[in-house]
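Here's a quick tour of one protein model, written for someone just starting out. Have the 3D view open while you read.

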Amino acid sequence: MSRRSVVSRRSWIVAVVAILAIGLTLRTLWLRADPPVTSVGIVWHDEGAWTHNARNLALWGTAKTDNWNPVYIAPVFTALEYGSFAVFGVGTWQARVVPVASGLAAIILLMAGLNAIGGRRAALVGGILLATNYWFVMWNRAALMESTMTAFIVASWAAYAMSERRPVWGFVAGICAALAFFTKAAAVFFVAALVIDAVLRDVGRLFPGGGEGRDARRLFPIAGLAVAFGLAAIFVIPEWSEYYRYNWLTAVERKPSYTISALIDRASWLPVAQDFFSRIWLVVLGAGIGVLSIATRYLTARPGERLLVLWFVIGLAELVMHDSGNARRYVMFIPALIALASLAVTADRPWFSGDVAHASRRMRWLAVPLVLLVGYIAFGSLLRIPFAGEVAAGRYSTTVRLAAALAVVFSLILVWRWSAVIGRLSRVRVTSGALAVLVVVSLAWNGGQYVSWAAARTDLNYRASVAVGQALPPGTLVQGKLANGLALENRIRPIFVGRGFGNYEDRLSREDVGYILTYVLPSVGYESQAGSGLIQEILDLYPDRRAIASFDVQETPGPDRAELIQKHGRAPN
């Protein structure tokens, strides 16, 4: 009997409901609590900054009240946040409803896509792993764009997987990919991946074994993208200068360096800069096997399988080009890695066919770049654990060199002993007992991290936001990025100041703004790029300033404190 047919319809429905219940519980318990201060990399005060236009529209009836307008970067996210505020009111948990819903949607959609190409068992394994993944759960609790962008990416992938049977789903895949892009432009990698595979599905017939043949319906994803971007153009073209400034000048040209050495650095940082891959190493290992397995039969693989490989590879390429050091960049990989691993451990077929074991030497060498990539990610993330102290101190060289050396040695051994290694792997099957153990280990590991966070949780940031509202009347103008961060539980009017963007140009001449909100611990202006001096130069203009309130907040493992500073406010005699 096929392993896919083991799960009955009734068991399937019960299991899906249970997975969603678990996912909902983990994402909504203590929804006002502060995010973890280690590992996952959530910057809590970015929530207020990115929901700024939605909050403005809900409170003041107009989205734009100053020169910080993230609606031009994240219009879909802004619209969803406004919807939540309009229904539930403005506040912290209301802002977090959108990522919670996004996370739950991602679970459902991942299971739908996996069921289409791998059966119910793969869908259930993927669903429970995504529902309980600590990184994903915590990001689903933060009012930032990553969860929503990722949910639309998963929706696009699932629709594309289902388009194999009903081509019209390809049109939906294109629409969802466009929505991901307009949630956050970082999803451009997935748009490229979708277009590449849609085109390759049609030209694959030119190669031996390509098999699918020409069918215009396979271009439905491109049609969906064209329609979505065409409709978006109605809104974008009249505001083109703003979209260009926010999405290119601010987000691309302002941030990374594109020198060869910078690209090499960012590539070497992939498994090291964050502990993302280390924390899900078993999933990474399974995903690596899945990538290599699909790659060996790429032209005959199912569309959803191929798109998972492109999601992984092109996504990593985007990080190399733009930013591989920021934790938020890795959230979009979680569903892809889990899907690849789930397909690998529940597969009916061997990971590698017997024909692959007898591949020519030329084909073996052609496989080396992908083997090097997978090997470097796997070895690097594993070695990061014993060298965590060095990595935390910013010294990556030992881990990077050892991981690179091991990846090279592994690749050379594989080429040399190809037939033996692939032949052995072609006989490997994950038994039901082994699968159960792997799932239990994953649940225990992720559950333990969640319990540890829950036991030590605080809600200092929420309380500080409430206290700001008690200190200042509604409508009060307050300068500084932290003003946005602490605005969700009150009615102040924050004036965002970024380095070279937002309300930067007139930051030194805003005499209409009487207050500044900023960190004083760990350092003054910590929220605006520690050490940049951005906030300090504003404070220096007001020698008679005074702090009128102090708030404990939480962002780092050490004590964190914010102050509300009155620009002109001599203490009474």
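**How two helices cross**

Helix 18 passes helix 20 in a right-handed crossing. Keep in mind that you're looking at a predicted model.

- In the contact of helix 18 with helix 20, the residues divide into 18 nonpolar, four polar and two charged.
- To find the pair, look for residues 361-383, which make up helix 18, and residues 397-416, which make up helix 20.
- The two helices pack at an angle of about 145°, and their axes are 8 Å apart.

**Checking the length of helix 8**

- Which residues of helix 8 are buried? They are G170, A173, G174, C176, A177, A178, A180, F182 and T183.
- Here's a handy bit of background: an α-helix has 3.6 residues a turn, so residues three or four places apart point the same way.

- Now find the open sheet of five strands, which has the order 2-1-5-7-6 and mixed pairing.
- Strand 2 (493-495) and strand 6 (546-553) stand at the edges with a single partner strand each, so one side of each has no neighbour in the sheet.
- On average, neighbouring strands of this sheet are turned by 30° against each other, direction ignored.

**Zooming in on strands 6 and 7**

- Strand 6 and strand 7 (residues 560-566) run antiparallel, and seven bridges join them.
- How many residues lie between strand 6 and strand 7 in their hairpin? There are six.
- Lying across strand 5 (515-521), strand 6 and strand 7 is helix 23 (residues 460-471), which runs at about 155° to strand 6.

- You'll find T92 in helix 5, which covers residues 92-132.
- Is T92 buried or exposed? Its relative accessibility is 7%, so T92 counts as buried, since the cut-off for buried is under 20%.
- Leaving out residues up to four places away in sequence, T92 touches R32, Y462, L488 and E489.

Conventions: Residues are numbered from 1 along each chain as its sequence is written. This is a predicted model: local features need pLDDT of at least 70, side-chain atom pairs count only at pLDDT 80 or more; totals for chains, interfaces and linings use all residues. Side-chain values use heavy atoms; hydrogens and water are left out. Axes are lines fitted to C-alpha atoms, for helices over the stretch in contact, and angles run from 0 to 180 degrees between N-to-C directions. Helices (H or I, at least four residues) and strands (E, at least two) are DSSP runs, numbered from the N terminus. A crossing is left-handed if the near helix is turned anticlockwise from the far one by less than a right angle, and right-handed if clockwise. Ala, Val, Leu, Ile, Met, Phe, Trp, Tyr, Cys and Pro count as nonpolar, Asp, Glu, Lys and Arg as charged, and the others, Gly among them, as polar. Buried means under 20% relative accessible area, exposed over 50%, partly exposed in between (1.4 Å probe, protein chains only). Two strands pair if DSSP finds at least two bridges between them. Contact means heavy atoms within 4.5 Å.
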